[in-house]
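Could we have the model on the screen, please?

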Amino acid sequence: MIIFEGNLSKNFTQAEYHPGSATVHMCAETVVFIRALQMFRRWINRPMYVVSWARTREENMKVGGIPTSNHLLPRACAIDWHLYNYTITTEDFKKYCKKWASICKQYGCVGEAGIYTWGVHLGIQNTEQAKLNGHKFYHWDSRSGKQINLPFKDLYNI
């Protein structure tokens, strides 16, 4: 277990990681996720407003997260975010997915992404999820209020 205080990277803070927590408890995989996320942030070249990152089991239940959520501490390898005053389109999302998948591969990970009316989820699949998904990038669209898994064929083999 790693205990961290202060900024996590150039553009992400401890307060964004887990609001209200004095210190950050994370595992080594989380450090890889933060590095990958910072690389994505540098590429997007815009502030990413964090909606949710690290969650306890109780916090996860309150927001309706699944029991195997990649937001769960101490791993916390998922982030929900949006861009200020900008609606992310399907084409934006596809572009983000392709870049995120590429960054994850550079770190030896398998990425995941979801789009919502309010923003985007980016994550790194845990070992069991990656195995179940054939070690392929996983994506979903929840803008309708229902989650549609693997909706975009052009993202199947990224």
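Arg-55 has a relative accessibility of 10% and therefore counts as buried, where buried means under 20% relative accessible area, exposed over 50%, and partly exposed in between, with a 1.4 Å probe and protein chains only. This is a predicted model, so local features need pLDDT of at least 70 and side-chain atom pairs count only at pLDDT 80 or more, while totals for chains, interfaces and linings use all residues. Residues are numbered from 1 along each chain as its sequence is written, and side-chain values use heavy atoms, with hydrogens and water left out.

What does Arg-55 form a salt bridge with? The partner is Asp-80, and the closest N and O atoms are 3.2 Å apart. By salt bridge I mean a side-chain nitrogen of Lys or Arg within 4 Å of a carboxyl oxygen of Asp or Glu. Asp-80 lies in strand β4, residues 78–82, and Arg-55 in the loop between β3 (49–52) and α3 (57–62), so the pair ties together parts that are 25 residues apart in sequence. Helices (H or I, at least four residues) and strands (E, at least two) are DSSP runs, numbered from the N terminus. Asp-80 is buried as well, at 7% relative accessibility.

Searching the whole structure gives 5 salt bridges. Another one joins Lys-94 to Asp-154, with 3.4 Å between the closest N and O atoms. Lys-94 sits in helix α4 (residues 90–106) and Asp-154 in the segment after β8 (148–149), so far as sequence goes 60 residues apart. Lys-94 counts as buried at 13%, whereas Asp-154 is partly exposed at 40%. Glu-91 belongs here too: Glu-91, Lys-94 and Asp-154 are linked in a network of salt bridges.

Asp-141 and Arg-143 also meet in a salt bridge, at 2.6 Å from N to O. Of these two, Asp-141 is buried, with a relative accessible area of 9%, and Arg-143 is partly exposed, with 30%.

Now the rings. The search finds 12 aromatic pairs in the whole structure. Rings of Phe, Tyr and Trp (its six-membered ring) pair if their centres lie within 6.5 Å; planes under 30 degrees apart count as stacked, over 60 as edge-to-face, and the rest as tilted. Phe-40 and Tyr-96 are an edge-to-face pair, 5.9 Å centre to centre with 90 degrees between the planes. That pair links distant parts of the chain, with Phe-40 in helix α2 (residues 28–44) and Tyr-96 in helix α4, 56 residues apart. Both Phe-40 and Tyr-96 are buried. They belong to one aromatic cluster, formed by Phe-33, Phe-40, Trp-43, Trp-53, Trp-81, Tyr-96 and Trp-100.

There is also a charge over a ring: the charged end of Arg-46 sits over Tyr-86, 4.9 Å from the ring centre. The criterion is NZ of Lys or CZ of Arg within 6 Å of the ring centre and within 35 degrees of the ring normal.

Next, the largest pocket. How much space lies in it? The value is about 640 Å³. A pocket, on a 1 Å grid over the protein atoms alone and with a 1.4 Å probe, is an open set of points with protein on both sides within 12 Å along at least five of seven lines, and lining residues have an atom within 4 Å of a point. The volume is the space filled by probe spheres set on the points, which are joined across faces, edges and corners.

The lining has 26 residues, and Ile-66, Tyr-116, His-121, Trp-140 and Gln-147 lie nearest the centre. β3, α5 (127–132) and β7 (138–141) each supply at least two lining residues, and α5 gives the most, with 3. By class there are 8 nonpolar, 14 polar and 4 charged residues. Here Ala, Val, Leu, Ile, Met, Phe, Trp, Tyr, Cys and Pro count as nonpolar, Asp, Glu, Lys and Arg as charged, and the others, Gly among them, as polar.

Last, the backbone. The peptide bond from Leu-73 to Pro-74 is cis, with omega near 5 degrees, and Pro-74 lies in the loop between α3 and β4. Asn-45, in the loop between α2 and β3, has a positive phi, near 60 degrees, and is exposed at 60%. Leu-150, in the segment after β8, has phi near 50 degrees, again positive in a residue other than glycine.
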